[in-house]
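Me: I want to know what backs each label used for this model. Take me through it, one question at a time.

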Amino acid sequence: MGALSGLRYIARGLLLAAIGLGIGIAIALAVTQVTGRELEEPAVAIGYVFALIGWLLGVGVWGTWAKEWLDLEPKDQDDPGWRRYFGFSLDHKVIGIQYLTTLMVVFLLAGILSILLRIELLDAGENFLSASNYNTIMSLHGIMMVAVAVASIIGGLGNFTVPLMIGAEDVAFPRINALSFWVIPPVALLLVLSPLFGGFDSGWTAYPPLSVINANGQLLFLLAFATFGLSSILGGLNFITTIIAMRAPGLTWGRLPIFVWSIFSAALLSLTFTQVVFFGLLAVILDRVVGTGFFMADQGGNALLYEHIFWFYSHPAVYIMILPAFGIELEILSHFSRKPVFAYKLVVGALLSIVGLSAVVWAHHLFTSGMADFLHIPFMVVTELISIPTGVIFLSALGTIWLGRLLLKTPMLFALGVIFNFLIGGLTGIYLADVVTDIQLQDTYFVVAHFHYTMVGGEIFALFGAIYYWFPKMTGRMYNERLGRIHFVWMMVMYNVTFLAMFWVGIQGMNRRIADYPADMVTGNVIVSVAAFLLAASFIPFVYNMVTSWKRGPVASANPWGARTLEWETTSPPPLENFKSPPVVVGDPYGYGEPKSRHIGSQPLGAEGDGD
Amino acid sequence: MNRHALIAVALWILISAAGFIAVLTYDPFPIAAAEQATLIDDAFKLLTLLAVPVFAMVVAFLLYSAFRFRRSVDGGEDGPPIRGNNKIAVAWLAASTALTIAVIIHPGITGLNEIRAHDGKPVDLVVQIESSRFAWSLIYPEQKIKARKELVLPINAVTRFKINSRDVIHSFWIPAFRIKIDAVPGIETTIVATPNKLGNYDDNINFRVQCAELCGLGHAKMSIPVRVVEKEEFDEWIAQQSPVQ
């Protein structure tokens, strides 16, 4: 009974979603009776819109927003214990953990999908998966991992830590925050259901005309991606407002922790550019459902237009993924080297320069697309200019650890791993920014290896570092250090073997997104596959460590790392209102080795006062 | 401090040297059978040679710091309060800017100009490529023939491919020539290659037209063999093909 009652919000959401779906299908039926167009896809699209509204009302929008508006008694308290994670909580800490655990499940599922792909690629020919299943699984792996990469740091860790790090009680818009999480489960559900509707064989990029003419599963993908976009837009808005308006007294922009700066930069991108891809996806949906022909040449549309719209978002999106990773990296390096972040102001300048430049580089994804020749040089130039602010991140990382007192605990190991991995990711990007080498490398495994080096080697390593780093703050317990180190060494080695071999396969001339390949390329693919299996196994100690430590790890103190940012000044886990009394900031958080330097003015009540 | 920096720099030089040797002695590329292929491989090699010292520097300072500056226990004193160093920052920015501009100019802009050397100029041979799921059909407009099974080209002929698509986006790619351009419905794209080595698919799989843009179910198998032959053999082959109206 107790356990089941925890799921009542989700049950209510599902019920209202089903009713919404019925209403939507009925409307679509009525409309198609009048217009005489075929039924299937309009019914799904309109049904989904109503189902989404039903789901959100049922899961909590009714209980919080609508009841208050209608002068009824709104729900004002979370369920106790684990059940709070299954309800429409307005607490940023609960929402952060909801995001993180949901996306970790998606990450592991998408990882299993990649294992299926690598089993198929163990040998030339079609062995294990049909071409159709391969395409759907590859596409699902892509979009699920993109969702993890976009939202796990911002939505998960950003939500949990940013209000704490700026000394706020919560985010600026707690209800919008809850909303931006609760649209994620429908995204996951749509993607999981898509194979039942013929799957989709267009990758996560979904270029039309293919994505307009293929199986119905594609529509589910498009609806899922567009819904995910809503979540990103709302999340971006919330973080920008929170960081501008909710900082503790004295926490000036120049004293802001570098991780908060990186989330602020990513939120600017998220709010601005996601709206563009949302339109692009909507246009593809309309091309499918009502035959608008935005991207169909035979109707006067333009297929290249979609590529521009898509990458106008999706290139900035890689900075939505990587900028917070830079923030985590520098944050951890500073606290575990017990030295200030090197060249802090220059790093802030670099983050903001990347935000600006990222808006004008998208067409480097289009060098072989057939776009006008005169666009090549300008896009090559601005793309390569990004090396300069990115180089500043490396300067800061090396400057921070140099002469420091490095404590090589798990978070620190991952942060150091990010430097190495992203170095390879960054340098191999130059070959793709250079038009001439890109002509050969585009659409080969070189590209696949490159973006895995930036997204996994850079961001996902930072994500794991951050999970270990903030685990005691989130759960009030300590993870197992030995298992953490095993996870790092295992993952670092197998990760690099997998993707270094993948570069080699790409240079040899293997193109991407293929279930079958020439028999000459078996050796390289076997190395990649076997290493990928071992890489996947490295997450076993991680999951085991997280689950057992959360249940019965040793109780963590308020500040187990002796770090100086505000989140370590309150209890682990923090109380609902975060700080017993609002903190006042008098200096920046990086004053290591400066005896008179202080970040916080008065010790807030309720902190245990250890560390520091 | 100077001693630390000296050791790290020595490490940097060592790793760079190893990297240079590896790059200069190992050739990772598939067969290069066109002028454009050599140009692209040379650009790749040059970028790698420039990347080696950058990679080596970061790795040297990273490894040295991780091993030399580690402490084994919690607590203890802080590191030195170094918040930045203007000289190093300026030098770093200057060096990375200079390298970036150098790479933009060469092989960036120069390479692009070379690869486009034949743009807008007459060529020796034109081949029209029509792509559709999941086949390539070839028309040689001057020779007035069409073919579907094999792309045959005479050696040393500057060849312009004019590409379009009847359905979805494909990409026309010949790995041995290193050239690639998308086939987009509604527009004609072009790319030029000058084959300079005889060869065929049976001897080397990189002699093939391969679709490089995901186009659906048969994408992986959307390829046809390429054969580079002497001029006489090319003429004989042309004579055997079916004419086009």
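Me: What is the strand order of the open sheet of 6 strands in chain B?

Reply: The model is a predicted one. The order is S9-S6-S2-S3-S4-S13, and the pairing is mixed.

Me: What makes strand S9 (189-193) and strand S13 (242-243) of chain B edge strands?

Reply: Each of these two strands pairs on one side only. That is what puts them at the edges of the sheet.

Me: How do you know that strand S2 and strand S6 of chain B pair, and in which sense?

Reply: Pairing requires at least two bridges between the strands. Strand S2 (residues 125-132) and strand S6 (residues 159-165) of chain B have 7 bridges, in the parallel sense. One residue pair to look at is Gln128(B), whose bridge partner in S6(B) is Lys162(B). In general, strands of a sheet pair through backbone hydrogen bonds, either parallel or antiparallel.

Me: What makes strand S1 of chain A and strand S1 of chain B a pair?

Reply: The cut-off is again at least two bridges. Here 2 bridges join residues 406-407 of chain A to residues 70-71 of chain B, and the strands run parallel. Leu406(A) stands opposite Arg70(B).

Me: How many residues does each chain bring to the contact?

Reply: Chain A gives 75 residues and chain B gives 72 residues. On the chain A side, 43 are nonpolar, 21 polar and 11 charged.

Me: Why is Gly370(A) called buried?

Reply: A residue is buried if 20 or more other C-beta atoms lie within 10 Å of its own. Gly370(A) has 24 such neighbours, so it counts as buried. Gly370(A) sits in the loop between helix H12 (344-358) and helix H13 (376-385) of chain A.

Me: Which residues is Gly370(A) in contact with, leaving aside its neighbours within four places in sequence?

Reply: From chain A there is Leu304(A). From chain B there are Ile181(B), Asp182(B), Val184(B), Ile187(B) and Thr189(B). Contact here takes C-beta atoms within 7 Å.

Me: Why does the radius of gyration of chain A agree with a compact globule?

Reply: Set the two values side by side. With 612 residues, a compact globule would have a radius of gyration near 25 Å, and chain A has 24 Å, which agrees. Its C-alpha atoms fill a box of roughly 70 × 60 × 45 Å along the principal axes. Of its 612 residues, 60% count as buried.

Me: Which domains does the assignment give for chain A, and how far apart are their centres?

Reply: Domain 1 covers 1-86 and domain 2 covers 89-569. Their C-alpha centres lie 29 Å apart. In contact are 16 residues of domain 1 and 17 residues of domain 2. The domain 1 side divides into 10 nonpolar, 2 polar and 4 charged residues.

Me: And how is chain B divided?

Reply: Domain 1 of chain B is 2-65 + 89-115, and domain 2 is 125-243. Their centres are separated by 34 Å, taken over C-alpha atoms. Across that boundary, 8 residues of domain 1 are in contact with 15 residues of domain 2. The domain 1 side has 6 nonpolar, 1 polar and 1 charged.

Me: What is the predictor's confidence in chain A?

Reply: The pLDDT averages 94, and 97% of the residues score at least 70. Over residues 604-612 of chain A, the pLDDT is below 50. Beyond near neighbours in sequence, that stretch has 30 contacts in the model.

Conventions. Residues are numbered from 1 along each chain as its sequence is written. Chains are lettered from A and ligands numbered from 1 in the order in which they are written. This is a predicted model: local features need pLDDT of at least 70, side-chain atom pairs count only at pLDDT 80 or more; totals for chains, interfaces and linings use all residues. Two residues are in contact if their C-beta atoms, placed from the backbone, lie within 7 Å. Ala, Val, Leu, Ile, Met, Phe, Trp, Tyr, Cys and Pro count as nonpolar, Asp, Glu, Lys and Arg as charged, and the others, Gly among them, as polar. Helices (H or I, at least four residues) and strands (E, at least two) are DSSP runs, numbered from the N terminus. Domain bounds come from an automatic or database domain assignment. The radius of gyration is taken over C-alpha atoms; the globule rule is 2.2 Å times the number of residues to the power 0.38. A residue is buried if 20 or more other C-beta atoms lie within 10 Å of its own, exposed if 12 or fewer, and partly exposed in between; C-beta atoms are placed from the backbone. pLDDT is the predictor's confidence in each residue, from 0 to 100.
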